[in-house]
Amino acid sequence: MTRRGIQWLSAVADDPVMCRAHWADDPRRPYTLPTGRLFDVVVMSQRLGMETFDQLVRREMPLGPVMMDRRAKQIGFLLSSKSRARFTSLLSVETATPPEYRYLDAGSFVVVPGPMPMPDDRHQWLRAPIRRPEASPLRTPSLVVMFAAASALIERADRYGEQYPGPETGNEELERVNDRAQ
């Protein structure tokens, strides 16, 4: 994380000077910040979050800071504040059965990693803020699309063994599957 990233992130704290002093003392230590002022956070399971993050990075889609809580097995995507209505609206268009998530905005708090966490720390940055994130109208839709797609991919992968026979299945079953495929 850069100095400008630290300044942007600490600006949301009730006492930004104390927050920066906390990190100057130990840059590994996490800090609790209120959401809804400069950013909101979409929290999802680690499995779904990692797949969503990977898809966004591989496709070079707009992406803000992303953090992980190893012990809770959750990933948090930071969005611009006041994005809840747009996020839920786009998600309802994208899928009739949205995956499980929590949306943290005004009135909530989130524990953010320190600026320089070690690899085995509980709280990690997958993508740390290096400056104030640029306002991008595409960040929220990108997250929604990949969130829904990653959920569908994981769901389908989990059902794979039920839908498609394994090598232990007899020839009759394999022929039936091949006939359906043609």
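Which residues are buried in α3? They are Leu48, Gly49, Glu51, Thr52, Phe53, Gln55 and Leu56, where buried means under 20% relative accessible area, exposed means over 50%, and partly exposed lies in between (1.4 Å probe, protein chains only).

## About the model

This is a predicted model, in which local features need pLDDT of at least 70 and side-chain atom pairs count only at pLDDT 80 or more, while totals for chains, interfaces and linings use all residues. Residues are numbered from 1 along each chain as its sequence is written, and side-chain values use heavy atoms, with hydrogens and water left out.

## Helix α3

Let's stay with α3 for a moment. Helices (H or I, at least four residues) and strands (E, at least two) are DSSP runs, numbered from the N terminus. α3 has 13 residues and spans 18 Å from its first C-alpha to its last, close to the 18 Å expected at 1.5 Å a residue; the expected span is 1.5 Å times one less than the number of residues. After α3 comes Glu60, with a positive phi near 50 degrees.

Met67 sits opposite Gly76 in β4.

## Two nonpolar cores

A nonpolar core is a set of buried Ala, Val, Leu, Ile, Met, Phe, Trp, Tyr and Cys residues joined through side-chain atoms within 4.5 Å. The largest one has 21 residues, and Val42, Phe77, Phe87 and Leu143 touch the most other members. At least two residues come from each of β2 (39–45), α3 (46–58), β3 (66–69), β4 (74–80), α4 (84–94) and α5. The largest share, 7 residues, belongs to α5. A second, separate core has 18 residues, including Trp8 and Val41.

Thr140 is found in helix α5 (residues 139–163) and counts as buried at 5% relative accessibility. Leaving aside residues up to four places away in sequence, Thr140 is in contact (heavy atoms within 4.5 Å) with Leu79, Ser83, Arg86, Phe87 and Leu90. Leu153, also in helix α5, is partly exposed at 44% relative accessibility.

## Aromatic pairs

The structure holds 6 aromatic pairs. Rings of Phe, Tyr and Trp (its six-membered ring) pair if their centres lie within 6.5 Å; planes under 30 degrees apart are stacked, over 60 edge-to-face, and the rest tilted. Trp8 and Phe39 form a tilted pair, 5.6 Å centre to centre with 45 degrees between the planes. Trp8 is in helix α1 (residues 3–10) and Phe39 in strand β2, so this pair ties together parts 31 residues apart in sequence. Trp8 is buried at a relative accessible area of 8%, and Phe39 is buried at 2%.

Phe87 and Tyr103 have ring centres 5.8 Å apart and planes at 45 degrees, so their pair is tilted too. This pair links helix α4, which holds Phe87, with strand β5 (residues 102–104), which holds Tyr103, across 16 residues. Both Phe87 and Tyr103 are buried. Together with Tyr101 and Phe147, Phe87 and Tyr103 form one aromatic cluster.

Terms used: Pairing = 2+ DSSP bridges.
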